[in-house]
Amino acid sequence: MTSGCEHALEYVYSYLDEEISFFHQSRVSAHLRTCASCTSAYEFERRLKALIRERGRTEPPPELFDALRALIQEEREGGGPR
Ligand SMILES: [Zn+2]
């Protein structure tokens, strides 16, 4: 993490929705150019959003949430010490 990560991550969602001012947009995009970890977070969100948009719905399908929940659960169970 480099300095500015917190700021960038805070605005990534709004950035994707283009709901932030030009000032914040340029700050976020400038940070994304220099920070790999925020770029991958941004890419993940962007792909998720594109996927949802592709389905042609404004509401994400409930199956998506089930799939995500299963993934998170799996990660918790597999990754943690036992
Ligand atoms: Zn960053």
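Trainee: Is Lys 49 buried, exposed or partly exposed?
Mentor: Lys 49 is partly exposed, because 14 other C-beta atoms lie within 10 Å. A residue is buried if 20 or more other C-beta atoms lie within 10 Å of its own, exposed if 12 or fewer, and partly exposed in between, with C-beta atoms placed from the backbone.

Trainee: And what am I looking at, how was it made?
Mentor: This is a predicted model, where local features need pLDDT of at least 70 and side-chain atom pairs count only at pLDDT 80 or more, while totals for chains, interfaces and linings use all residues. Residues are numbered from 1 along each chain as its sequence is written.

Trainee: Where is Lys 49 placed?
Mentor: Lys 49 sits in helix 3. Helices (H or I, at least four residues) and strands (E, at least two) are DSSP runs, numbered from the N terminus. Lys 49 is 33 residues from Leu 16 in sequence, and their C-alpha atoms are 8.4 Å apart in space.

Trainee: How many helices and strands are there in the chain?
Mentor: The chain has 4 helices and 0 strands, so to speak α-α-α-α from the N terminus on.

Trainee: What percentage of the residues count as buried?
Mentor: Of the 82 residues of the chain, 9% do.

Trainee: Let's switch to helix 1. Which of its residues are buried?
Mentor: Ala 8, Val 12 and Tyr 15 are buried there. Their cover includes helix 2 (22-34) and helix 3 (36-54).

Trainee: Where is the kink in helix 1 centred?
Mentor: On Tyr 11, with a kink of about 40 degrees. The bend at a residue is the angle between axes fitted to the seven residues ending there and the seven starting there.

Trainee: What span should helix 1 have?
Mentor: Its 13 residues (5-17) should span 18 Å at 1.5 Å a residue, and the end C-alpha atoms are 19 Å apart, which agrees. The expected span is 1.5 Å times one less than the number of residues. Just after helix 1, Glu 18 has a positive phi of about 55 degrees.

Trainee: At what angle do helix 1 and helix 2 cross?
Mentor: Roughly 115 degrees, with their axes coming within 10 Å. Axes are lines fitted to C-alpha atoms, for helices over the stretch in contact, and angles run from 0 to 180 degrees between N-to-C directions. Among the residues that meet there are Ala 8 and Val 12 from helix 1, and Val 28 and Leu 32 from helix 2. Two residues are in contact if their C-beta atoms, placed from the backbone, lie within 7 Å.

Trainee: Which residues make up the largest nonpolar core?
Mentor: Ala 8, Val 12, Tyr 15, Val 28, Cys 38 and Tyr 42, 6 residues in all. Helix 1 gives the most to this core, with 3 residues. A nonpolar core is a set of buried Ala, Val, Leu, Ile, Met, Phe, Trp, Tyr and Cys residues joined through C-beta atoms within 7 Å.

Trainee: Why does Cys 38 count as buried?
Mentor: Because 22 other C-beta atoms lie within 10 Å of Cys 38. Cys 38 is found in helix 3. Not counting residues up to four places away in sequence, Cys 38 touches Cys 5, Ala 8, Leu 9, His 31 and Leu 32.
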